Amino acid sequence: MSASAVILAAGAGTRFGGAGNKVWALLAGQPLLWHGLAAFAACGAVDEIVVVIRSGDEERLASLPQVGLPLHGVVGGERRADSAWAGLSRAGGEYVLVHDGARPLVTPSLIQRVLAATRYHGAAVPVLPVADTVRRARDQFLKSETLDRRDWVLIQTPQGFRRDLLLTAYAEAHHHGRELPDDAAAVLSLGHPVATVPGDPANLKVTRPEDLTLAKRILAGSTP
Ligand SMILES: Nc1ccn([C@@H]2O[C@H](COP(=O)(O)OP(=O)(O)OP(=O)(O)O)[C@@H](O)[C@H]2O)c(=O)n1
Ligand SMILES: C[C@](O)(CO)[C@H](O)COP(=O)(O)O
């Protein structure tokens, strides 16, 4: 049963600031994107990687050190969902794992965990419990509304799906003009269940500059 990884690297990196797309920022001497590619190659359960890049990044992608799996570069779109669709359209596996290129600390064991649950349930995502109180706030002041955190989880990637299911879900979402924060949202809107597996607190999304500092500390094995 073949599996493809679709790694999304076509964002603008607006919140990260600075020049260029954050997936090319260096972590331990290699771009953030490369670390994710290496983890998928090391997991031993994926047959190919589709890397979704911005137009103009083709040479940069080709110049990355090889990771030992076939890499196919495709150009992404304006929104994350557009890029996921572009990657999905190139993926050939029976199963697909869609991953943020901005999550460099994904591990082979997390990938294997997601893929095993995906094979069983058709759709699976890694999640973290919410440790802090979650309360609505506006204009720098708290509102009284507080969520029961036991009912909520934080969602990570990679998110795994049967490829035919995710293709149908994205086609439907596009047809209805739905905004999709992640890939699971498309599948959930079909009414299909999405299983959860334990995520990894270290699998952070590098969103702002301080996240890169944290990722460096985690990789160096020091206490954040
Ligand atoms: N049109 C887009 C938007 C996002 N992504 C990718 O999706 C992942 C998660 O997105 P996010 O963290 O929001 O990245 P950016 O869109 O680059 O950041 P920002 O929203 O701050 O501009 C990133 O790996 C990003 O490269 C993508 O491939 N195509
Ligand atoms: C897919 C995701 O990483 C799950 O937590 C998240 O939804 C991406 O959000 P972003 O605003 O595109 O960073």
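Here is a walk through the salt bridges of this predicted model.

Start with Arg-79 and Glu-179, whose side chains form a salt bridge with an N to O distance of 3.1 Å. This one ties together distant parts of the chain, with the partners sitting 100 residues apart. To find Arg-79, go to the loop between strand S5 (71-75) and helix H3 (80-90). Glu-179, for its part, is in the loop that runs between helix H5 (163-175) and helix H6 (183-188). How open to solvent are they? Arg-79 has 38% relative accessibility, so it counts as partly exposed. Glu-179 comes out at 60%, which puts it in the exposed class, because anything over 50% qualifies.

Next, have a look at Arg-136 and Glu-145. Their side chains pair up in a salt bridge too, at 2.7 Å from N to O. Arg-136 has a relative accessible area of 40%, so it's partly exposed. Glu-145 is partly exposed as well, with its relative accessible area also at 40%.

Then there's the bridge between the side chains of Arg-162 and Asp-164, with N and O 2.9 Å apart. Arg-162 is partly exposed at 30% relative accessibility, and Asp-164 is partly exposed at 46%.

How values were computed. Residues numbered from 1 in each chain as written. Chains lettered and ligands numbered in written order. Predicted model: local features only at pLDDT ≥ 70, side-chain atom pairs only at ≥ 80, totals over all residues. Heavy atoms only, no water. Salt bridge = Lys/Arg side-chain N within 4 Å of Asp/Glu carboxyl O. Helix = DSSP H or I, 4+ residues; strand = E, 2+ residues; numbered from the N terminus. Buried < 20%, exposed > 50% of the residue type's maximum accessible area, 1.4 Å probe, protein only.
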